[in-house]
Amino acid sequence: MKKLFMFIAVILFSANMIAQDKLYLLFEFMKVDNEQETAYGETESFWQKIHDQRVKNGDIIGWDLWSLQPGGEDQGYQYLTVQVFKDPVKMFQGGGDLMAAAKKAYPAMSEQDLINKLNQSAKSRDLAARFYLEQIDLTKGQFDMPLGTVAQINLMKVGMDNYAKYENAESKTFKLDHQKQVDKGNRASWELLRVMAPTGSAAYASHITVDMFKDFNQYFGMPNDTGTVYTATQEKEFQEGLASRDLKWAYIATLIKKVR
C-alpha cells in the first residue's frame, strides 16, 4: 500500500511539473496602414521598455514583435505581438499593472504624459485580432530565437468534436517529421497551440502551429521529405488529422523585437 501511495505521489508530482512547464501565449495581430509604419515602429519601441519592466516584475515571461508577410493592406495583418505567460490567470487578467510598469520604465515622465503617450500609441495601429492560447506540444531541442528568426504561422480551423483526433495526429504523427527536421538541423523548432478564446463555430481559428527557422536560408532549404515510414496506424492517424483541419491562413513572420 505504501508503494502504491508513493507511486501515485510521483505521478501527481510529475503531472504538476508538466503543468508548471506549460506556456500560455497572447497573440495580437495588428493592422498598420502604410503611412503609419514609422509611427507604429516608434509605438512598439516605446512599449518594449514597458514589457521589459513587466518581465522584471514577473508579470510576463517575454514579449515579441514579428513582421508578417504577405502583410499587404488587403491581405490580413502586418504585425504580430506575442506575450508569453506561465499562468493563464495572469494572461486573462492582463498581465499585471501596466501603468505601474510604465512608471518604472519611464520614471522621468509624469503620469499624465504617460497616459497621453499610451493613448497616442493606439492611433498608430488597429489591434484587429486577439487569441488566447495554450501550448499543447513542441519539439525537443534548444533554440534561443534570436532576432531575424523566421516562423511560419499556420491558423487552423478544427471542429470541436475533432479536437482530440486532430491534436493526436499532430502530436503522435506529424511531430515525427518535425522532430526529425529539428534533429537534422533543417528546422529550429515546431509547436502546437490551442486557442482558449475566442472559441465556437464562428471563431476564425481553433489551433495555431508555428514552424521556426534560424533564417530564410534554413526556411527555403528545408527538404520536403524526411523519409519517415509510417505504420498502418500512423498513416491512418495522418490522413484523419489532415481531414480534420482546415488551414485558414499561413503567414511568414520575421522576429524584429524581443524581450526576455
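This is a predicted model: local features need pLDDT of at least 70, side-chain atom pairs count only at pLDDT 80 or more; totals for chains, interfaces and linings use all residues.
Of the 260 residues of the chain, 41% count as buried.

The chain contains 8 helices and 8 strands. Its radius of gyration is 20 Å, close to the 18 Å that the globule rule gives for 260 residues, so the chain is as compact as a globular protein of that length. Taken along the principal axes, the box filled by the C-alpha atoms is roughly 65 × 55 × 40 Å. When contacts in the chain between residues at least 6 apart in sequence are considered, 82% of them join residues at least 24 apart. The accessible surface comes to about 14,200 Å², and carbon and sulfur atoms account for 54% of this area. As regards charge, the chain carries 31 positive and 33 negative side chains, with the centres of the two sets lying 7 Å apart.

Strand β1, which spans residues 24–31, has 7 of its 8 residues buried, so this strand is largely enclosed by the rest of the structure. β1 pairs with two strands that are described here. With β3 the pairing is antiparallel and is made through 7 bridges, and within this pairing F27 has V82 of β3 as its bridge partner.

β2 is joined in the antiparallel sense to strand β3, residues 79–85, over 6 bridges, and W66 stands opposite L80 of β3. A further set of 7 bridges connects β2 with strand β8 (residues 245–259), these two strands again running antiparallel, and in this case Q69 is found opposite I252 of β8.

T209 lies in strand β7, which covers residues 207–213. With a relative accessible area of 3%, T209 falls under the 20% limit and is therefore counted as buried. Once neighbours within four places in sequence are left aside, the residues in contact with T209 are Q152, I153, N154, M156, Y166, E170, W190, E191 and L192.

A101, by comparison, belongs to helix α4, residues 98–105. The relative accessible area of A101 is 0%, and this residue is accordingly buried. Leaving aside neighbours within four places in sequence, A101 is in contact with I50, Q53, R54 and N57. Between A101 and P146, which are 45 residues apart in sequence, the C-alpha to C-alpha separation is 25 Å.

Key
Residues are numbered from 1 along each chain as its sequence is written. Side-chain values use heavy atoms; hydrogens and water are left out. Helices (H or I, at least four residues) and strands (E, at least two) are DSSP runs, numbered from the N terminus. Buried means under 20% relative accessible area, exposed over 50%, partly exposed in between (1.4 Å probe, protein chains only). Contact means heavy atoms within 4.5 Å. Two strands pair if DSSP finds at least two bridges between them. The radius of gyration is taken over C-alpha atoms; the globule rule is 2.2 Å times the number of residues to the power 0.38. Accessible areas come from the Shrake-Rupley method with a 1.4 Å probe; for residues, only the protein chains shown count as cover. Lys and Arg count as positive and Asp and Glu as negative; His and the chain ends are not counted. The place of a charge is taken as NZ of Lys, CZ of Arg, CG of Asp or CD of Glu.
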